[in-house]
Amino acid sequence: MKIGEILSFEAPRFIGRYLTEQTSPEERELLLEARDALLFISEFGQDYRFEDYRRSPDSPLLPSEGGTSIKTLLGEAAGLMVRIRGECHSPEEKELTSVLIDALNFIASTGQHTAFEAFRRDVLAAKPPHVVASFRTREEAEAWLDNQPEPPAQGQVLVAGEYYQFYYFRELNRRGLRPQFTLEMLIRQLMEEGPPATVASFVSHEEAEDWLAKQIAPPTHAFILIAGEYHLAVFHENIHHRAIHPISIVERLEKWEREQRT
């Protein structure tokens, strides 16, 4: 079984078996911690990095006592997985628990606990997805991807302000880009409960762009009005990218969905 399938399907499904009404709040939190470790690794395209780590892992992360820091929770979650592994009978279940233990150790030993904490805090929030780079043209994005010795297994980039998913299959040395309705889906989700609150109103697009460029610490996203029409202002802090999109782009997603039904 490929590492991506284990991270995205098999191991989370295994965790789900232990999330029942009888599960204590403390144990539920640790189980969710372990599940989110898998999501974190997959979301940031670290499948192969994690796979390599498993072949030569660092010292085991021992359970910690006291405190509530993210490092402590990682240790306690790993301790719970060790206990569950001892209760498993089949080799397949024992291997899945080993993957979960290694995932928690991987985050701790690679110094990603702060990023993981932020990921857990925002994982359920409706916000623009993480992107790793921004390009003017698809050709630039493809050249960037082709020149990576070993890119992440998957992730998203911006091409002329549009979201594209990239993928990489190490075993086949295959990589590519495909457009996504990422922003359209986000806007539709944000507007499910009706017209959103806006933070500012402008006469022209140029006026709005000037306002966004001057924001010292803009939010990840906010609705604004331009000439009476709703727009979504987006800020990707990690690549210092700011953009404004009309909510009418949702029509592209709806058109595609209609075409799929016919």
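Is glutamate 139 buried or exposed? Glutamate 139 is exposed, because its relative accessible area is 55% (exposed means over 50% relative accessible area, buried under 20%, and partly exposed in between, with a 1.4 Å probe and protein chains only). This is a predicted model, in which local features need pLDDT of at least 70, side-chain atom pairs count only at pLDDT 80 or more, and totals for chains, interfaces and linings use all residues. Residues are numbered from 1 along each chain as its sequence is written, and side-chain values use heavy atoms, with hydrogens and water left out.

**Overall fold and extent**

- The secondary structure of the protein chain consists of 10 helices and eight strands (DSSP runs numbered from the N terminus, with helices being H or I of at least four residues and strands being E of at least two).
- The C-alpha trace of the protein chain spans about 65 × 45 × 40 Å along its principal axes.
- The protein chain has 262 residues, of which 40% count as buried.
- Of the contacts between residues at least 6 apart in sequence, 61% join residues at least 24 apart (contact means heavy atoms within 4.5 Å).
- Glutamate 139 is found in helix H7, residues 138-146.
- Between glutamate 139 and glutamine 22 there are 117 residues in sequence and 53 Å in space, C-alpha to C-alpha.

**Confidence**

- The average pLDDT of the protein chain is 91, and 95% of the residues score at least 70 (pLDDT is the predictor's confidence in each residue, from 0 to 100).
- Confidence is lowest in helix H6 (residues 113-122), with a mean of 87, and highest in strand E5 (residues 201-202), at 98.
- The pLDDT is below 50 over residues 62-68, a stretch that has 11 contacts in the model beyond near neighbours in sequence.

**Nonpolar cores**

- The largest nonpolar core has 36 residues, and Phe50, Met81, Leu100, Leu104 and Phe116 have the most contacts inside it (a nonpolar core is a set of buried Ala, Val, Leu, Ile, Met, Phe, Trp, Tyr and Cys residues joined through side-chain atoms within 4.5 Å).
- At least two residues of this core come from each of helix H1 (3-16), helix H2 (25-43), helix H3 (47-55), helix H4 (70-87), helix H5 (91-109) and H6.
- H5 gives the most to this core, namely eight residues.
- Phenylalanine 50 is in contact with Ile3, Leu7, Ile41, Val99, Asp102, Ala103 and Phe106, leaving aside its neighbours within four places in sequence.
- Another core, of 12 residues, lies apart from the largest one, and Val131, Leu183, Phe223 and Ile247 are among its members.

**Helix H8**

- Thr182, Leu183, Glu184, Leu186 and Ile187 are buried in helix H8 (residues 182-190).
- These buried residues of H8 pack against strand E2 (154-159), strand E3 (162-169), E7, E8 and helix H10 (250-261).
- Threonine 182 counts as buried because its relative accessible area is 14%.
- Leaving aside its neighbours within four places in sequence, threonine 182 is in contact with Pro129, Gln156 and Tyr163.

- E5 and E6 run parallel and are joined by two bridges (two strands pair if DSSP finds at least two bridges between them).
- Phenylalanine 202 stands opposite isoleucine 226 in E6.
- From E5 the chain crosses through helix H9 (residues 205-213) to E6, a right-handed β-α-β crossover (right-handed if, with the strands pointing away from the viewer, the path from the first strand over the helix to the second runs clockwise).
- Five of the six residues of E6 are buried, and the strand is mostly covered.
- E6 and E7 pair in the antiparallel sense over six bridges.
- Isoleucine 224 has histidine 231 in E7 as its bridge partner.

**Positive phi in loops**

- Alanine 227 lies in the loop between strand E6 (221-226) and strand E7 (229-236).
- The hairpin of E6 and E7 has two residues between the strands, and alanine 227 takes a positive phi near 55 degrees there.
- Alanine 227 counts as exposed because its relative accessibility is 57%.
- Histidine 240 lies in the loop between E7 and strand E8 (241-246).
- Although histidine 240 is not a glycine, its phi is positive, at about 55 degrees.
- Histidine 240 is exposed, with a relative accessible area of 65%.
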